[in-house]
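Please read the following note alongside the structure.

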Amino acid sequence: MSSPRYLIDTNVFIGLEDHAEVSPNFAALQQMAARHGVEIFVHEAAIDDIKRDKDDARRRVALSKIKKFPVIKKMAGINKAMLEAKFGTIGRPNDLVDATLLHALEIGVADFLVTEDQGLHARAERISPTFGARVLYVADAVAFLRTTYEAVAVVFPAIVEMEANTISQNDPIFASLRGDYPGFDIWWREKCVRPMRKCWVVMDDDSVAGLVVRKDEKPGDTDATLSGNKILKICTFKVRAENRGVKLGELLLKQVLWYAQSNKHDVVYLTTFPEQATLISLLEYYGFRHTHDNVSGEMVFEKQLERSHLRPTKDMSLFDLARENYPRFATGIGVCAYAIPIQGEFHEILFPELAQRSQLSLFGDTGFLRPGNTIRKVYLCRAPARISQPGALLFFYKGKSGTQPSQAITTVGVFEEMKLARSYEDLRRLAGGRSVYSDMQLRQLAATEARPVKVINFLLAAHLEPPVPLANLLASNVFAGSPPQSIKTLVTAQQMSVLNQGSLGFTV
């Protein structure tokens, strides 16, 4: 089995090698890769990129430093037209570099691409969800390496609710906010600390890695333009620079949207500056729209939340419909549904927020609960069923377990894509940056050509409140006689029976 290969973009190389202080996550990427035998490569196209730098001194220094990394050569005969046909429009030299890096990923010479370039992430996502999951921000690459190879003592990330007065104003997360917002300290003391405003916080040891400050508003006293009587303003949505990637922002956004939907808000909105490309992309993916700019030059992003039944449309897939209306999803006639049995210990890995006890590793006391409480997830199995409809509903049934809930359907997912992994290397790539499985677990699955492993990508849509217990499932004929041992198709009546037994915050 070959060692995993990480291909780093020019912006990551510069972050590791320029004269400025190296970000902790950039340093952690290099250190952890070396510790676990993960090879870090640069591409010949990145060298071409550096050679275009018009600053002679900077170019010479960069070219001398890049020699410490092994180089992936360009494929002979590949040209701009071929790359453009696969990876989209190539208008500038940088676009050609981006497409060349993605080509190296596609042909398998690299397992993952690490880049801070939002445009490169977007290109990869347009190819397929599975391919997009192999392109990582530095923070996410570090988290993925920890998940895959390392045992740590704490569950991370996890959201806690805190009052603003309990957060130190000297916390490093506030440094950039002071630069962006003159008078921030006064606003924080008067508008947040004094009224003890509620915040959602992700802690990293003793400091704040991510922060959301919320405020309820009403029509006539809001910057929101969409109609609604109950409006949730996200006053602050901040991920500390060294933790910035997709996963932590997605975790915080999930908290915002689930809270707003459950508490019957009509509109949720926030403001951000145009340079926050990663946050903007995340917001747009989940249905926020840029409605206007405020007087400070910030972009205002709003999302309408409705509680009516979400009806399928002819011009949009069921998956895209669910994504844009998240956390609502389409149900009923025309929507396929499946019950997916999952063992208790794997359920707690995939859905850690439902765990009701201190978590232990599946493989002894040296492990930890691997972070799985984001929106986009991957589930691995060998069930014979084929799921093909994007937007199909996945009902996860937790088997008999020593922790609650036990023997119950707990969770609803929205199916995105299924792929088959026919080797460990295949599985490593297809599970991608969304994986919550350790390297040991991936190896133990022993994917082969004869016994492939299904890689199921899905959105975490809801946890049923309360979970639907086995007794109810048997009484309502969702299950016949006993719970399924493999993926089971549910007809419309069974699908609706499960959904009507939980509270989702909208009409199913």
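**Notes on the predicted model**

1. At a relative accessibility of 0%, Phe 458 falls below the 20% limit and is therefore buried. The model under review is a predicted one. The aromatic partner of this residue is Phe 396: the two ring centres are 5.1 Å apart, and the planes meet at 40 degrees, so the pair is classed as tilted. Phe 396 belongs to strand 15 (residues 393–398) and Phe 458 to strand 17 (residues 453–469), so that the pair links distant parts of the chain, 62 residues apart. Phe 396 is buried as well, with a relative accessible area of 0%.

2. How many aromatic pairs does a search of the whole structure find? The search returns 18. One of them is formed by Phe 174 and Trp 188, whose ring centres are separated by 4.8 Å; the planes stand at 55 degrees, so this pair is tilted. Because Phe 174 lies in helix 10 (residues 174–180) and Trp 188 in helix 11 (residues 184–193), the pair ties together parts that are 14 residues apart in sequence. Phe 174 and Trp 188 are both buried. They also belong to one aromatic cluster, together with Phe 184 and Trp 187.

3. Arg 214 deserves a separate entry. Its charged end sits over the ring of Trp 200, at 4.3 Å from the ring centre. The charged end of Arg 214 also sits over the ring of Tyr 259, 4.6 Å from the centre of that ring.

4. The next point concerns a helix pair. Helix 5 (residues 80–87) packs with helix 6 (residues 93–106) at an angle of about 75 degrees, and the axes are 10 Å apart. The range from 65 to 115 degrees counts as roughly perpendicular, and helix 5 and helix 6 are therefore described in that way. On the side of helix 5, the contact is made by Lys 80, Leu 83, Lys 86 and Phe 87. Helix 6 contributes Leu 96, Ala 99, Thr 100, Leu 102, His 103 and Glu 106.

5. Gly 249 is placed in helix 12 (residues 247–262) and is buried, with a relative accessible area of 5%. Setting aside residues up to four places away in sequence, Gly 249 touches Phe 237, Val 239 and Leu 282. The C-alpha atom of Gly 249 is 31 Å from that of Lys 314, which is 65 residues away along the chain. Thr 410, in strand 16 (residues 408–421), counts as buried at 1% relative accessibility. Beyond its neighbours within four places in sequence, the contacts of Thr 410 include Phe 396, Lys 398, Ala 462, His 463 and Leu 464. Also in contact with Thr 410 are His 347, Leu 354, Pro 405 and Pro 467.

6. Which peptide bond involving Pro 327 is cis? The cis bond joins Tyr 326 to Pro 327, with omega at about 10 degrees. Pro 327 is located in the loop between helix 14 (318–324) and strand 13 (337–342). A cis peptide bond also runs from Glu 465 to Pro 466, where omega is near 0 degrees. Pro 466 is part of strand 17.

7. Lys 264, which is not a glycine, has phi near 60 degrees and lies in the loop between helix 12 and strand 10 (267–272). Ala 446, also other than glycine, has a positive phi of about 50 degrees. Ala 446 is in the loop between helix 17 (439–444) and strand 17, and is partly exposed, with a relative accessible area of 41%.

8. The buried residues are Tyr 424, Glu 425, Leu 427, Arg 428, Leu 430 and Ala 431. They pack against strand 4 (112–114), helix 8 (129–132), strand 14 (376–381), strand 16, helix 17 and strand 17. Gly 432 follows helix 16 and has a positive phi, near 60 degrees.

Technical notes: Residues numbered from 1 in each chain as written. Predicted model: local features only at pLDDT ≥ 70, side-chain atom pairs only at ≥ 80, totals over all residues. Heavy atoms only, no water. Phe/Tyr/Trp six-rings, centres within 6.5 Å; stacked < 30°, edge-to-face > 60°. Helix = DSSP H or I, 4+ residues; strand = E, 2+ residues; numbered from the N terminus. Buried < 20%, exposed > 50% of the residue type's maximum accessible area, 1.4 Å probe, protein only. Lys NZ or Arg CZ within 6 Å of the ring centre and 35° of its normal. Axes fitted to C-alpha atoms, helices over the stretch in contact; angles between N-to-C directions. Parallel < 35°, antiparallel > 145°, perpendicular 65-115°, else oblique. Contact = heavy atoms within 4.5 Å.
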